[in-house]
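I opened the notebook to look up a few features, one after another. The entries follow in the order I took them.

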Amino acid sequence: MRGGPGDAERRQRWGRLFEELDSNKDGRVDVHELRQGLARLGAGDPDRGAQQGISPEGDADPDGGLDLEEFILYLQEREQRLLLLFHSLDRNQDGHIDVSEIQQSFRALGISISLEQAEKILHSMDRDGTMTIDWQEWRDHFLLHSLENVEDVLYFWKHSTVLDIGECLTVPDEFSEQEKLTGMWWKQLVAGAVAGAVSRTGTAPLDRLKVFMQVHASKTNRLNILGGLQSMIREGGVRSLWRGNGINVLKIAPESAIKFMAYEQIKRAIRGQQETLHVQERFVAGSLAGATAQTIIYPMEVLKTRLTLRRTGQYKGLLDCAWQILEQEGPRAFYRGYLPNVLGIIPYAGIDLAVYETLKNQWLQQYSHDSADPGILVLLACGTISSTCGQIASYPLALVRTRMQAQDWGER
């Protein structure tokens, strides 16, 4: 690319980009400055892109960033790779990437996306309103990203842009064949399990207080939040606030794995000859997968409730609790409250997903004109509101379930 008729124009453009990125004006672009630039561009993973992109061949001082000539050399290499990637996705070689070519590329990796999803991807890059991506739009969008092959591009789109897959906790994530072969699917499941364990441990006192009030609060005792905390601490000390957290953490991994495997099978059965699932079909598949996982791990839910409500010294541990329930109440006790629990999945999942999709799409239509990525704060807000609405709708069934799970606790 060096020495061509457009070389002077490219060097001017790269020089302007260098000045924009060089925020401290020291004549070098370091990892921190490149990360800030990627964040402004709406990068899916600015940390990964900055770490991989700041050290092109010929960088004499990798730790000190890039000077102008090194930066230009880096961008020359990037444009050459991006041009090859552009031609790989431009299947009919007409100089534009359209909706059908996006869908074909995903299909080649074993992922089917709808026409609406492909259009949203194009919208995130389309600057002239043609609903196609030309070379300049492609180059400007991905110039600072560390994308090496077509799989990297599709992975970026799948996980960082707009595909409504896995952003609701009810619907498990979908993985390409390549991600399944490389082990990416189980790494994400493990990461989710670890994150879930940390979050559940942090909120365990509130979770135990909720169960305690569901079982013991009544019109006569008027048990409130402060009174519930004082009662638990008085009975078993501060450590008692974490009772039942062990099995609550323990059931995360099997529940996630079962939900993922069930979702894959149910999705395949529902889809049939279709290329992709609509939102309503994903809701049905996710709800059925959640019900399947709950059916299998439900005895652990009962054990969690009993351990959460136990008095000091009542059980020696998890196995002792299970044995006492089996011996004194029989095996049916492990599925006490199962029906309201399963019925509660439907209003929770449906309202959660519907509210989440509605809020996110409203925000995109009103405030996002040049990107289809709402950003982590917007997604967090949408998820919080939708989850709260789902919890409110399904709470009466959750209350019945907990009361039934703890039915014999106070009688012994």
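I start with burial: buried means under 20% relative accessible area, exposed over 50%, and partly exposed in between, with a 1.4 Å probe and protein chains only. By that rule tyrosine 298 is buried, because its relative accessibility is 0%. I note that this is a predicted model, where local features need pLDDT of at least 70, side-chain atom pairs count only at pLDDT 80 or more, and totals for chains, interfaces and linings use all residues. Residues are numbered from 1 along each chain as its sequence is written, and side-chain values use heavy atoms, with hydrogens and water left out.

**Entry: aromatic rings**

A pair of aromatic rings is described by the distance of the centres and the angle of the planes. I used this rule: rings of Phe, Tyr and Trp (its six-membered ring) pair if their centres lie within 6.5 Å; planes under 30 degrees apart count as stacked, over 60 as edge-to-face and the rest as tilted. I found four aromatic pairs.

Phenylalanine 86 and tryptophan 135 are edge-to-face, with 6.1 Å between centres and 70° between planes. I looked up where they sit; helices (H or I, at least four residues) and strands (E, at least two) are DSSP runs, numbered from the N terminus. Phenylalanine 86 is in helix H4 (residues 68-89) and tryptophan 135 in helix H7 (residues 135-142), so their pair ties together parts 49 residues apart in sequence. Phenylalanine 86 is buried, at 2% relative accessible area.

Next I checked tyrosine 298 and tyrosine 335. Their ring centres are 5.7 Å apart and their planes are at 25°, so this pair is stacked. Tyrosine 298 belongs to helix H15 (residues 279-309), while tyrosine 335 is in the loop between helix H16 (318-329) and helix H17 (338-367). Tyrosine 335 is partly exposed, at 37% relative accessibility. Ring pairs join Tyr298, Tyr335 and Tyr338 in a cluster.

**Entry: two helices**

I turned to helix H11 (residues 204-216) and helix H18 (residues 376-405). Their axes (lines fitted to C-alpha atoms over the stretch in contact, with angles from 0 to 180 degrees between N-to-C directions) come within 9 Å and cross at roughly 80°. In contact (heavy atoms within 4.5 Å) are Lys210, Val211, Gln214 and Val215 of H11 and Tyr395, Ala398, Leu399, Thr402 and Arg403 of H18.

**Entry: cysteines**

How many disulfides are there? A disulfide is a pair of cysteine sulfur atoms within 2.5 Å, and I count zero. Cysteine 321 is buried at 0% relative accessibility. Cysteine 382 is buried too, at 6%.
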